[in-house]
Every structure is written in structure tokens, then in C-alpha cells.
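Colleague: I want to learn how to read features from a model. Can we go through a few together?

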Amino acid sequence: MLDGLRSEIPEGWEPCTMENSSQLFLHVSGKDDVHRFSGLDTPRKFRIIIMTGSGEVWSSDTMERRVLQDAVTVDWARKSVSVMPLWLVVALQTLVTLLLTLLVEGLVLLAFRFDWKKNWKPFLLVNLVTQGALALFLGTHIVRSGVGSYGMILYSILLLPIEGVIAFVEAVLYARFFQGHSAGRAFAYGLTANAVSYLVGLAAVQMVWEQLVRVLWLGSGM
């Protein structure tokens with residue numbers, strides 16, 4: 001069956017399958033009718049080809065990945081493909097970043113033994129402002145235009161100096177407004193929390209993105 005599917009690939013195109021791929025370090029996985037294609041050199045343009053057990057073949061038109069992380073849905077009954085609205089893609093990716101940041105940095109806040117009741121307002125306000133600025137940058141630059149080949153690696157590198165600036169700004173603000181411990185402790189918390197959330201984000205952002213897509217896009221039947 002796989003050989004039959006490969007024979008349907010148009011000339012000039014390369015397959016991306018769970019068996020192998022010519023794309024560098026491309027990872028393909030799937031379950032519950034959701035399939036993920038990711039890697040260092042994920043192609044910008046792609047087509048979807050489906051072959052059933054009976055030998056029926058369907059191929060989509062050429063499509064283009066619009067953002068760093070994108071999602072499409074195949075309606076087999078209608079033999080059609082729908083794409084998530086671009087505004088929703090950007091909004092979801094912003095939400096992913098914000099949720100991970102608040103969760104991780106909130107836990108680090110408790111680990112530094114700051115009183116949550118005394119400090120939740122500056123914690124939340126600072127994060128909303130800084131993450132809002134980060135989301136604006138990503139939404140207008142990296143998320144929408146992408147970073148070309150080796151996307152996630154370059155994304156991580158480009159994000160590092162931005163995160164460094166945000167970490168310093170947050171640390172200064174925490175040192176000014178946090179209560180219950182010294183300014184030095186609050187400053188150290190700001191740097192530590194941002195470093196931890198950056199590392200956790202790199203590891204977990206894909207998983208959170210996929211779950212939000214499942215619930216808010218695929219689950220809604222939009």
C-alpha cells in the first residue's frame with residue numbers, strides 16, 4: 001500500500017512519511033486522526049495525498065505553511081482541506097506561550113517562598129505586559145513570516161536575546177514591587193524564572209499547541 005501511495009506522488013515532490021523522509025531530521029507521527037510533521041527543515045509548500053485500503057487515492061492542491069506552526073483539516077467525505085484562520089493560529093500560539101509562562105514562573109515564585117497573596121498582582125501584570133510585547137513581536141515577525149529552513153533551531157536562537165531582555169526587565173520590576181523578601185532575592189527570582197520557563201517552553205510548547213488545536217479547532221469542527 002505504501003508503494004502504491006508513493007507511486008501517486010507527483011514528479012518533483014518528495015514524500016514525508018512515518019517510514020522515512022528526505023527532509024533533514026523530519027519527524028512524522030500520528031494517532032487519533034491527527035498527524036504531526038515537524039523537524040529542522042519542514043517544507044514550506046506541501047500537498048496531502050491519501051490512499052484508502054481499497055486503493056482510492058485523493059490529493060490536495062499545493063498548500064503553503066503560513067506560520068511557524070500551522071494546522072489543516074482534511075474532510076474525507078467532501079474531499080476538501082480547510083485551514084485554521086490565521087488570527088486563530090497567532091492567538092493560539094500567543095496563548096500557549098502565556099499559559100506556559102504563567103504556570104512555570106508561578107511555580108518558581110512559590111519555590112522562592114514569595115507570598116502569592118501579596119505578589120500575584122505585580123506578577124500577573126508584569127507577565128501580561130512583557131508577554132504581550134513578546135507576542136506582538138512574534139506575531140508580526142517570526143510567527144507570521146517564519147524563519148525559513150531549520151525553523152525551530154533558528155526560532156530558539158532568535159528568541160534567546162529577546163528572552164534575555166525580558167528576563168532583565170522583569171527582574172528589575174520584581175525587585176521594585178515584590179514584597180516579603182529582599183530586592184536581590186526578587187531580582188534573582190526574575191532571572192531564574194525566565195530561564196526555567198524558556199527551557200520548559202522549548203520542550204513543551206509543541207505538546208501544548210497540539211492539545212489546543214485538538215480541542216479548539218478539530219473538536220469544534222470549524
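Modeller: Start with the hairpin of β7 and β8 in this predicted model. The hairpin has 4 residues between its strands.

Colleague: Which residue takes a positive phi in that hairpin?

Modeller: K79 does, with phi near 55°.

Colleague: How many bridges join strand β7 to strand β8, and do they run parallel or antiparallel?

Modeller: They are joined by 4 bridges and run antiparallel. β7 covers residues 72–75, and β8 covers residues 80–83.

Colleague: What about side chains in strands?

Modeller: In a regular strand they alternate between the two faces of the sheet.

Colleague: Now a helix. Is T101 buried or exposed?

Modeller: The cut-off for buried is under 20% relative accessible area. T101 has 7%, so T101 counts as buried. T101 sits in helix α2, residues 86–111.

Colleague: Which residues does T101 touch, leaving out those up to four places away in sequence?

Modeller: G106, N127 and Q131.

Colleague: Which residues make up the largest nonpolar core?

Modeller: There are 12: V104, V108, L109, F112, F114, F123, V126, Y174, F178, A186, Y189 and A193. Helices α2, α3 (116–145) and α5 (183–218) each supply at least two residues of this core.

Colleague: Take Y174. What is Y174 in contact with, beyond its neighbours within four places in sequence?

Modeller: Its contacts include the core members F123, V126, A186 and Y189. Y174 also contacts E105, P122, N127 and G190.

Colleague: How many residues does the second, separate core have?

Modeller: That core has 6 residues, among them V67, L88, V89 and L92.

Conventions
Residues numbered from 1 in each chain as written. Predicted model: local features only at pLDDT ≥ 70, side-chain atom pairs only at ≥ 80, totals over all residues. Heavy atoms only, no water. Pairing = 2+ DSSP bridges. Buried < 20%, exposed > 50% of the residue type's maximum accessible area, 1.4 Å probe, protein only. Contact = heavy atoms within 4.5 Å. Core = buried A, V, L, I, M, F, W, Y, C linked by side-chain atoms within 4.5 Å.
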